[in-house]
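Please keep the sequence and the three-dimensional view at hand while reading.

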Amino acid sequence: MASIPPPPPARRLAVPRPLRVRAWPLSAQVMLALAIALLPLGVLAVVAATENYNNVRASEAELVSSRLTAFTRTVQGRLDEDFALLRAEIMSEIDTPDKRAECARRLARLAELDPAIDSIVRLDANGSLTCASVGAPLARAPSVGVDWYDGGRGRLPRATLIDELSPGHDLVLAVRDPLTGHSIFARISRESLRGIFTPADLGAEDHVRLLRDGSLLAAWGSPGLPALPDIAALKGGEVERFLTGDGRDWHYGVQDIGNGLRVLAVREATALSVPQVVNVALPILMWLGAVGIGWLAIRWLVVVPLAKIRTSLDRYAAGDIGVRLGDSRFRTQEVRELGDAFDRMADQISRHEDDLRAGLATQKKLTREVHHRVKNNLQIVSSLLSLQSRDAGSPEVAYAYATIQKRVNALALVHRWLYDDEAMRGVDLRSLAQDLCAGLEQSVTVIDGSTVAIVTDVDRLYVGQDTAVPLAFLITELVTAAARLAESGNLAIRVGAKSVDGRATLTVQAPSFRGEDQFAVGGNDPSARIIQGMARQMRSKLAHNADAGSYAIDFPPTAPAPIA
């Protein structure tokens, strides 16, 4: 009996797991932390504390304004009374000696009635003294003209000023009769001025000053007063607030009396009470707590993961291409996605670099193969020229074949060293010059058959193909020309190349180069056109030293010389 196969196992439905907090987006986690920290009561506490603080500071400003009003009324009333008495006196006649004596007695009584007035003088239209009070220094007329003004007061204008002749710059009340030209001056010293108003309710934090055109006339209250801001632009009745360098809070205001007189009131703000401090500090502490919670959340969720990512990036930039972030346990979705993106980018860069290295290796192999084949072909051409020169019908033709062969050999040597350049740094100029000069020593002779000795002194320099070819031709042409121009005897030729500050110079020196420049532009020497053409190709100028018998040309090396 066939067995019945067991039923397939029941498939479990995939129930999505609850979304954990650490998988939430960063914005949702930050909003959750701030919602826990910033309770609605905190907002209400901030509003209440701010309102209470503003009320306290407003009461300080009202106290300063009340001081200004009370003091201004007192001073203004006393000055108005004194001016009224002086106007009444200026109306009296003093045309006889008895009347002048009576005037002196009245002025003395006026000085007694107002203790603030120290002395009074009356002058006629010519400025001569007519009568005066006694018992105190007399008030003197100012040294300059008084700026009298009408002010809508009819016949008796008035003016106040600072007595410029008085050492203490006391206050002088002046009244002038415009019909008779008589004037009265009443002197109020600074000591007497302080007795006009003696406030009893000034506290240690109150300061009251009476100013005349910015100069201090009298002071009440505590003598210690901080440096105030510029009060010249402050309008009458305005109260402003400022902070001193030590953090003390002050209110100040001014009130204009007239005739350049201003009342300045300054009051230091009182310290907040303990309940007020608590009301102000509580919302601040709540805000600081909220900021601390938010900072901890950001650090835990963002700063620490980003620091880990930065460390991985530094390792990757330093050459550790195996760094990946996929195994790191980040707490936010965005940071995890950032790590995954980095891993994908690193993988893509790694594959791309592998492709580049493979392509570069293939390219280097092909380039070296091209140089190798070119070198072989040039050697074949050189051999053909050597065979052809043997069948030359004249020495001139044989010399022409030999000259061409030397140029072909120079070009072949350049391609040989390009083929040997596995590091792709360029042609090793020292090796190229040594090989080239060794071959020229074997093939170049002086006209009488004497040998040529070539000494090379070349730094380890590397040059590109565009520079190596003209340099090889220049060495070949100059060495060949030096042997051709020599008269007789063994010839010593020096070939050198030195590098200074990123610029190199090739020098070829021979005794046959002394004197006239044989290779100047437009010269008749057979090698002049080729030598000047190579100089133009290198975008440099061929310099001739007639005394040393040398030719030099500058060229740029492609790379710094390695340690030999």
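## Basis of the description

The structure is a predicted model, in which local features need pLDDT of at least 70 and side-chain atom pairs count only at pLDDT 80 or more, while totals for chains, interfaces and linings use all residues. Residues are numbered from 1 along each chain as its sequence is written, and side-chain values use heavy atoms, with hydrogens and water left out.

## The chain as a whole

The protein chain contains 10 helices and 17 strands. Helices (H or I, at least four residues) and strands (E, at least two) are DSSP runs numbered from the N terminus. Of its 564 residues, 37% count as buried; buried means under 20% relative accessible area, exposed over 50%, and partly exposed in between, with a 1.4 Å probe and protein chains only.

The accessible surface of the protein chain comes to about 32,200 Å², and 58% of this belongs to carbon and sulfur atoms. Such areas come from the Shrake-Rupley method with a 1.4 Å probe, and for residues only the protein chains shown count as cover. Among contacts between residues at least 6 apart in sequence, 61% join residues at least 24 apart, a contact being heavy atoms within 4.5 Å.

## The antiparallel sheet

Strands of a sheet pair through backbone hydrogen bonds, either parallel or antiparallel. Here two strands are said to pair if DSSP finds at least two bridges between them.

Strand 6 (residues 206-212) pairs with strand 7 in the antiparallel sense over six bridges, and Leu211 has Leu216 in strand 7 as its bridge partner. Two residues lie between these strands, and Asp213 in the turn has a positive phi of about 55°. Strand 8 (residues 239-243) and strand 9 (residues 249-258) are likewise antiparallel, joined by five bridges, with Phe242 partnered by Trp250 in strand 9. Their hairpin has five residues between the strands, and Gly247 in the turn shows a positive phi of about 85°.

## The mixed sheet and its helices

A further open sheet of five strands has the order 12-14-15-17-16 and mixed pairing. Strand 12 (452-458) and strand 16 (543-545) stand at the edges with a single partner strand each, so one side of each is left without a neighbour in the sheet. Neighbouring strands are turned by 15° against each other on average, direction ignored. Within this sheet, strand 14 (residues 491-500) runs antiparallel to strand 15 (residues 503-509), and seven bridges join the two; Val500 has Arg503 in strand 15 as its bridge partner.

Two helices pack on this sheet. Helix 8 (residues 429-443) touches strand 12, strand 14 and strand 17 (550-555), and its direction makes about 180° with that of strand 12. Helix 9 (residues 465-485) touches strand 12, strand 14, strand 15 and strand 17, with its direction at about 155° to that of strand 14.

## Helix against helix

Helix 8 and helix 9 pack at an angle of about 30°, with their axes 11 Å apart. That makes helix 8 roughly parallel to helix 9, where angles under 35 degrees count as roughly parallel, over 145 as roughly antiparallel, 65 to 115 as roughly perpendicular and the rest as oblique. Residues making the contact include Leu432 and Leu436 of helix 8 and Leu471 and Ile475 of helix 9.

Helix 9 also packs with helix 10 (residues 528-537), at an angle of about 155° and with the axes 9 Å apart; the two are therefore roughly antiparallel. Among the residues in this contact are Phe473 and Leu474 of helix 9, together with Ile531 and Met534 of helix 10.

## A residue of helix 9

Thr467 lies in helix 9 and is buried, with a relative accessible area of 16%. Leaving aside neighbours within four places in sequence, Thr467 is in contact with Met538 and Phe555.

Methods:
Axes fitted to C-alpha atoms, helices over the stretch in contact; angles between N-to-C directions.
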